[in-house]
Amino acid sequence: MGIDLCKLINLQKIADPRGNLTFIEGGRHIPFEIKRVFYLYDVPGGADRGGHALKICHQFLIAMSGSFDVIVFDGKEKEKFHLNRSYYGLHLPPMIWREMDNFSSGSVCLALASEKYAAVDYYRDYNGFLRALAETK
Ligand code: TYD
């Protein structure tokens, strides 16, 4: 699991004068079946979200409205993605530390997840995450 597996995925945009439409089928447009959906909204200026890594859960993040940054770290390399359109998103595989910041006013982050919520799937302690990475080598 490395940072090169964190990929932006373009989604189809059906442009229409009545309003644009984008769709996502799990296992087809993103590389996992969708078991859970959650969203971040009303994020106050200057707030940070994320600050964790997941053991087995894949996620796909989309800026449904506005924009924000996702900073990913695999234990070796760090990369920053700026999400600001509804027709692409960022696939985060397991064992990637992620932080989210720079939320624009009124922004909404949609997250699709491959697993139902399980607190035990989380590394919320950064050093614990680094220790786990070292043990799997
Ligand atoms: P948290 O993971 O801390 O949010 P973020 O990492 O995006 O900043 O989640 C905040 C709280 O919501 C935490 O108590 C766990 C709970 N939660 C659920 O119960 N189910 C979920 O699907 C998610 C994502 C969070």
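Helices (H or I, at least four residues) and strands (E, at least two) are DSSP runs, numbered from the N terminus. Asp42, for instance, has its place in the loop between strand E2 (36-40) and E3.

This is a predicted model, in which local features need pLDDT of at least 70, side-chain atom pairs count only at pLDDT 80 or more, and totals for chains, interfaces and linings use all residues. Residues are numbered from 1 along each chain as its sequence is written, and side-chain values use heavy atoms, with hydrogens and water left out.

## The chain as a whole

From the N terminus on, the order of elements is β-β-β-β-β-β-β-β-β-β-α. The C-alpha trace spans about 55 × 35 × 25 Å along its principal axes. The radius of gyration is taken over C-alpha atoms, and the globule rule is 2.2 Å times the number of residues to the power 0.38. For 137 residues a compact globule would have a radius near 14 Å, and the 15 Å of the protein chain agrees with this.

A residue is called buried under 20% relative accessible area, exposed over 50%, and partly exposed in between (1.4 Å probe, protein chains only). Buried residues make up 42% of the 137 residues in the protein chain. The accessible surface comes to about 7,900 Å², of which 51% belongs to carbon and sulfur atoms; such areas come from the Shrake-Rupley method with a 1.4 Å probe, and for residues only the protein chains shown count as cover. Contact means heavy atoms within 4.5 Å. Among contacts between residues at least 6 apart in sequence, 76% join residues at least 24 apart.

## Strand pairing

Strands of a sheet pair through backbone hydrogen bonds, either parallel or antiparallel. Here two strands count as paired if DSSP finds at least two bridges between them. An open sheet of five strands has the order E6-E5-E8-E3-E10, with antiparallel pairing. E6 and strand E10 (122-123) are the edge strands, each pairing on one side only.

| Strands | Bridges | Residues |
|---|---|---|
| E5 (residues 68-73) and E6 (residues 78-83) | six bridges | Val70 and Phe81 |
| E3 (residues 49-54) and E10 | two bridges | Leu54 and Tyr122 |
| E2 and E9 | five bridges | Tyr39 and Leu110 |
| E4 and E9 | six bridges | Ala63 and Cys109 |

E5 and E6 form a hairpin with four residues between them, and Gly75 in the turn has a positive phi of about 100 degrees. E9 pairs with E2 and with E4. Five of the six residues of E9 are buried, so E9 is largely enclosed by the rest of the structure.

## The nonpolar core

A nonpolar core is a set of buried Ala, Val, Leu, Ile, Met, Phe, Trp, Tyr and Cys residues joined through side-chain atoms within 4.5 Å. In the largest one, which has 19 residues, Leu61, Phe68, Val70, Val72, Leu83 and Met100 touch the most other members. Strand E4 (59-65), E5, E6, strand E7 (88-92) and strand E9 (108-113) each supply at least two residues of this core. In soluble globular proteins, nonpolar side chains tend to be buried together.

Not counting residues up to four places away in sequence, Leu83 touches Leu8, Leu61, Ile62, Ala63, Gly66, Ser67, Phe68, Val70, Tyr88 and Leu90.

## Residues in the loops

Ser107 lies in the loop between strand E8 (97-101) and E9. With 2% relative accessibility, Ser107 counts as buried. Its side chain reaches the backbone oxygen of Ser104 at 2.8 Å. That is a polar contact, meaning a pair of N or O atoms within 3.5 Å; within protein, one must be able to donate a hydrogen and the other to accept it, and residues adjacent in sequence count only if both atoms are side-chain atoms. Leaving aside neighbours within four places in sequence, Ser107 is in contact with Leu40, Tyr41, Asp42, Ser65, Gly66 and Ser67.

Most residues other than glycine have a negative phi. Asp42, not a glycine, has a positive phi of about 55 degrees, and Asp42 is exposed at a relative accessible area of 68%. Asn102, also not a glycine, has a positive phi of about 60 degrees. This residue, Asn102, lies in the loop between E8 and E9 and is partly exposed, with a relative accessible area of 48%.

Asp48 is found in the loop between E2 and E3 and counts as exposed at 58% relative accessibility. Not counting residues up to four places away in sequence, Asp48 touches Met100 and Asp101. From C-alpha to C-alpha, Asp48 and Ser104 are 12 Å apart in space, and they are 56 residues apart in sequence.
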